[in-house]
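Subject: Structure handover

Hi,

Here is the structure I promised to pass on. Have it open while you read, and my notes follow below.

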Amino acid sequence: MASASTTASPSAATGIARAADRSGLGLLVLLAATFMSALDIFIVNVAIPALQGDLHAGTAAVQWVVAGFGLAVATGLITAGRLGDIFGRRRMFALGLLLFTATSAACGFAPTAGSLVAARVLQGLSAALMSPQVLAILQTAYTGRAQARAFGMYGMTMGIGAVFGQLIGGLLIKADILGLGWRACFLINVPIGVAALAMVPRALGETRAPRRPRLDPVGVALSTAAVVALVLPLIQGRALGWPEWTWACLAGSAVLFGAFVAHQHRLGAAGGDPVLDTRLFRLRGFSLGALAQLVFWTGQGSFFLVLALYLQAGRGLDALASGTVFLSIGGGYLLTSTTAHRIAARLGNRTVPAGALLMAAGLGTLWAAVHASGTTGTLWELTPGLFVDGLGMGMVIAPLTHSALGGVPAEMVGSASGVVATIQQISGALGIAVIGILFYGAVGDGAARHYPHALGLGLEFLVVLELALAALTAATAARAGRADRAGR
C-alpha cells in the first residue's frame, strides 16, 4: 500500500483552526511567509540595475541572481512536501522560515556577485521548504467557510507580492533607507521573518503523518534531477540562443520524469514510502486542477515581465514609475481577492471560468490600447484593461488552488501540496520561455518603437491561455454539476 501522508489527529488539526479563528495569528504567520516568498520573485527585477553597478556583476551573474532562486524553489518543493509529512509541517515551516530570513540577510549584505548568487540559491531552497507546508496546513487545519476564507487570503497575499513587487522595490530603492539602496529589497524580509518566527510556537499546532514514513532517497534524486533538467534550459535557453545542451536537457527531463513516476508507483505498490503518491493522479479533480494550475501560471509571471519591459524600455519609465502602473492591476485584484470566498459561495464552480474570461477581456482591452497608443499615448489608456485583468485574477488564484487540493484525501495532502507548488514554479519558467521567444523576437534591435508590437504578441498568447483556462474549468464545473445531480 502507498505511503500515508496524513494529518495529525483531528483534535490537533482542530486546535490549529481554533487558534487561528480566535486570534488570527496562525493565518497571519502563514501569510507573512507567503508574501515574502512571492515578493522575492518579482522585487529583484527592480534591484538588478543598482546591484549590477555596485557589485560589478557581469551578465551571467545577474541572470543567476534571478534564475538561481527560481531553480532552487522548483527543485525542492516535492521533497519538502514529504519532509513535512515525516518531521511535522510546523517544524519544517519554521525551519524554512528561519533559513529564509537568514539567507535574505545574506543576500542583503552580500559583498560580491558570487556570494549574492549563492545566497539566492539558498534562499530559494528555504522558500521551497516553506511553501508546501503552508498549503498543507491550510488544507488540513481549516474546514468549510473558514477554509475558503483562508485560501482566499492566501491567494490575495500571493497576488499582492506579485502585483506590487516592483512598486515596493522601487519605493525602497528611492527611499534609500540608511543608505542601503538595492540591499533593502532583500533586508525587508528580516524584520518580517523574525516577527513571524516569534509567533510560530503559539500560533501553529503540529501536524504530521500518524505513521512516520521514511524518506525515499532514490525518489528525491530522480525528482530533483528531472526538475533541474526541465527548468534550467527554460530559464537560460533563450538568453543563450538555445544551444544543443538545452534541448538535450529537455529530452532528458522527460526520461527522468518517466523514471521517477515509475519508481514511485513501484515503491508505493510494494508498501514503501514514495516521495510522490501516484494515486493522486487517479483523482480527476486533482488532475484537472493541476492542469488548470499549469495553464494559469504559465501566463502570470510572463505577463508581469513583458509589461514591465514595455513600460521601462518602450515608454522610458523608471522602475518606480513603472511600478505605479501596476496599481491598476492591484486595485482590481484587491477588490475581488478580498471577497473571493464570498464570490465563490455565490458562483460556485463558475468562479474560475468567470475570472478567466474577465482576464481575457482585460488583456484584450489592453491589447487594443497598446496598439492605439504605441509609445506616445497616455498611461491612463492602459488603466481599464489592467483593472479588469486584476478583477479576474483576484477571482482565479485562491479558488483554483483550493479546487486542486479540495478533493484530496488527508493521507495525500503532503504530496499534493508539493506537486501544486512545483507546477506553479515550472509553469512560470515555461511561460517566460515561450513568451520570451515571441517578445524578444519582435523587439529586434531594441528600439522603443518595437515594444508595442512585442507586447501585443505577448498579450495575444496570454488571451489564448485565459480562454483555454476558462474552457477547461467550465467543462470541469459542468461535469461536477452533472455528478451532483446524479447523486441526489
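**The cores**

The largest nonpolar core holds 104 residues, and Phe93 and Phe303 are those with the most contacts inside it. (A nonpolar core is a set of buried Ala, Val, Leu, Ile, Met, Phe, Trp, Tyr and Cys residues joined through side-chain atoms within 4.5 Å; buried means under 20% relative accessible area, exposed over 50%, and partly exposed in between, with a 1.4 Å probe and protein chains only.) The largest share of this core, 14 residues, is supplied by α12. Apart from it lies another core, of 22 residues, with Val44, Val117, Leu172 and Trp182 among them.

**Before you read on**

This is a predicted model: local features need a pLDDT of at least 70, side-chain atom pairs count only at pLDDT 80 or more, and totals for chains, interfaces and linings use all residues. Residues are numbered from 1 along each chain as its sequence is written, and side-chain values use heavy atoms, with hydrogens and water left out.

On confidence, the chain averages a pLDDT of 83, and 92% of the residues score at least 70.

**Where α2 meets α4**

Back to Phe93: leaving aside neighbours within four places in sequence, Phe93 is in contact with Val29, Leu30, Ala33, Met130, Gln133, Val134, Val200 and Leu204. In the meeting of the two helices, Val29, Leu30, Ala33, Met36, Ser37 and Asp40 of α2 touch Phe93, Leu97 and Phe100 of α4.

The α2 and α4 axes come within 11 Å and cross at roughly 45 degrees. (Axes are lines fitted to C-alpha atoms, for helices over the stretch in contact, and angles run from 0 to 180 degrees between N-to-C directions.) That makes α2 and α4 oblique to each other. (Angles under 35 degrees count as roughly parallel, over 145 as roughly antiparallel, 65 to 115 as roughly perpendicular and the rest as oblique.) The crossing of α2 and α4 is left-handed, meaning that the near helix is turned anticlockwise from the far one by less than a right angle; clockwise would be right-handed.

Is Asp40 buried or exposed? Asp40 is buried, with a relative accessible area of 0%, and sits in helix α2 (residues 25-55). Not counting residues up to four places away in sequence, Asp40 touches Phe69, Phe100, Arg120, Gln123, Phe186 and Asn189.

Helix α12 (residues 284-314) includes Arg284, which is exposed, with a relative accessible area of 54%. Gly289 and Gly355 are 66 residues apart along the chain, and their C-alpha atoms are separated by 15 Å.

The axes of α12 and helix α16 (residues 351-373) come within 14 Å and cross at roughly 25 degrees, and the two helices are therefore roughly parallel to each other. This crossing is left-handed. On the α12 side the contact is made by Phe296, Gln300, Phe303 and Tyr310, and on the α16 side by Met359, Leu363, Leu366, Val370 and Ser373.

**Two loops**

Most residues other than glycine have a negative phi. In the loop between α7 (165-175) and α8 (184-187), Asp176 has a positive phi of about 50 degrees although it is not a glycine. Asp176 counts as partly exposed, at 37% relative accessibility. Leu178 is in the loop between α7 and α8, and its phi is positive too, near 55 degrees. Leu178 counts as exposed, at 80% relative accessibility.

Finally, Gly24 lies in the loop between α1 and α2 and is partly exposed, with a relative accessible area of 28%. The C-alpha atoms of Gly24 and Ala150 are separated by 10 Å, though the two are 126 residues apart along the chain.

Cheers

Technical notes: pLDDT = per-residue confidence, 0-100. Helix = DSSP H or I, 4+ residues; strand = E, 2+ residues; numbered from the N terminus. Contact = heavy atoms within 4.5 Å.
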